[in-house]
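Hi,

Here is the structure I promised to pass on. Have a look at it first, and then read my notes below.

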Amino acid sequence: MGDLLVRPLEPYDTDEAAAVWWRSRHTADSQLPPAIHTAEQVASWFADVLLPDAQTWVALDDGRIVAVLTLDGDDLDQLYVAPDAAGQGIGSALVDLAKDLRPGGLALWTFQTNTRAQAFYLRHDFREVRRTDGSANEERAPDVRMVWGNHPESDPA
């Protein structure tokens with residue numbers, strides 16, 4: 001692994017970033033439900049939604065996008081690392097960036113089946129605050145809400 005560069009998503013990145021997202025969701029050992037959108041729809045979403053929102057970052061290693069991070073307000077909305085780059089600290093670097101950008105706290109959703117992600121976030125001081133049946137997400141898959149720091153959901157009312 002060379003020097004990791006993290007920067008905001010640029011217009012010329014959207015197809016490559018979407019491909020990282022897609023490959024991460026569809027590896028043989030993925031713990032995620034299959035994407036309900038096509039690869040082309042995901043690429044359009046990156047170009048038409050994530051890029052204009054200006055809350056998406058990419059991590060590059062030797063000029064190649066190896067990870068994607070999207071924040072939506074105080075939600076860590078997307079964090080995907082290319083399968084061939086996983087386990088090298090890239091995801092951790094992006095979580096640290098998210099914490100620096102949102103020092104007041106973060107929240108995220110992960111699927112209940114994605115036990116690797118849950119363990120990863122627990123190692124980064126996130127904690128579980130609730131589980132749902134998944135009726136509110138597109139995949140209709142049971143999920144877990146996790147928070148870090150002084151996020152408003154940290155203190156269940």
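Before the notes start, one term: two residues are in contact when they have heavy atoms within 4.5 Å of each other. As for the background, this is a predicted model, where local features need pLDDT of at least 70, side-chain atom pairs count only at pLDDT 80 or more, and totals for chains, interfaces and linings use all residues. Residues are numbered from 1 along each chain as its sequence is written, and side-chain values use heavy atoms, with hydrogens and water left out.

Helices (H or I, at least four residues) and strands (E, at least two) are DSSP runs, numbered from the N terminus. Buried means under 20% relative accessible area, exposed means over 50%, and partly exposed is in between (1.4 Å probe, protein chains only).

Let's begin with Ser 24, which sits in helix α1. Leaving out residues up to four places away in sequence, Ser 24 touches Ser 30, Leu 32, Tyr 80, Val 81, Ala 82 and Pro 83. Is Ser 24 buried or exposed? Its relative accessibility is 11%, so Ser 24 counts as buried. Its side chain also reaches the backbone oxygen of Val 81 at 2.7 Å. That is a polar contact: a pair of N or O atoms within 3.5 Å, where, within protein, one must be able to donate a hydrogen and the other to accept it, and residues adjacent in sequence count only if both atoms are side-chain atoms.

Now for helix packing. Two packed helices are described by the angle between their axes and the distance between the axes. Axes here are lines fitted to C-alpha atoms, for helices over the stretch in contact, and angles run from 0 to 180 degrees between N-to-C directions. How do α1 and α2 cross, and at what angle? The axes of α1 (residues 14-25) and α2 (residues 39-53) come within 9 Å and cross at roughly 125°. That makes α1 oblique to α2. The cut-offs are these: under 35 degrees is roughly parallel, over 145 roughly antiparallel, 65 to 115 roughly perpendicular, and the rest oblique.

Which residues meet there? From α1 come Thr 14, Asp 15, Ala 17, Ala 18, Trp 21 and Trp 22, and from α2 come Ala 39, Val 42, Ala 43, Trp 45, Phe 46, Ala 47 and Leu 51. Sorted by class, the contact of α1 with α2 has 11 nonpolar residues, one polar and one charged. For the classes, Ala, Val, Leu, Ile, Met, Phe, Trp, Tyr, Cys and Pro count as nonpolar, Asp, Glu, Lys and Arg as charged, and the others, Gly among them, as polar.

Next, two residues in strands. Thr 56 is in strand β2 (residues 56-61), and with 3% relative accessibility it counts as buried. The side chains of Thr 56 and Thr 70 make a polar contact of 2.9 Å. Beyond its neighbours within four places in sequence, Thr 56 is in contact with Pro 8, Leu 9, Leu 50, Val 68, Leu 69 and Thr 70.

Asp 143 belongs to strand β7 (residues 143-148) and is buried too, at 7% relative accessibility. Setting aside neighbours within four places in sequence, its contacts include Trp 109, Phe 111, Arg 130, Arg 131 and Asn 137.

Most residues other than glycine have a negative phi. What is phi for Asp 62? It is near 55°, a positive value in a residue other than glycine. Asp 62 is in the loop between β2 and β3 (64-72), where it counts as exposed at 67% relative accessibility. Asp 62 and Leu 4 are 58 residues apart along the chain, and their C-alpha atoms are separated by 7.6 Å.

Asp 125 has a positive phi as well, about 70°, although it is not a glycine. You will find Asp 125 in the loop between α4 (115-123) and β6 (127-132), exposed with a relative accessible area of 54%.

At 52% relative accessibility, Glu 138 counts as exposed. Which residues does Glu 138 contact, leaving aside its neighbours within four places in sequence? They are Ile 36 and His 37, and a polar contact of 3.2 Å joins the side chains of Glu 138 and His 37.

Cheers
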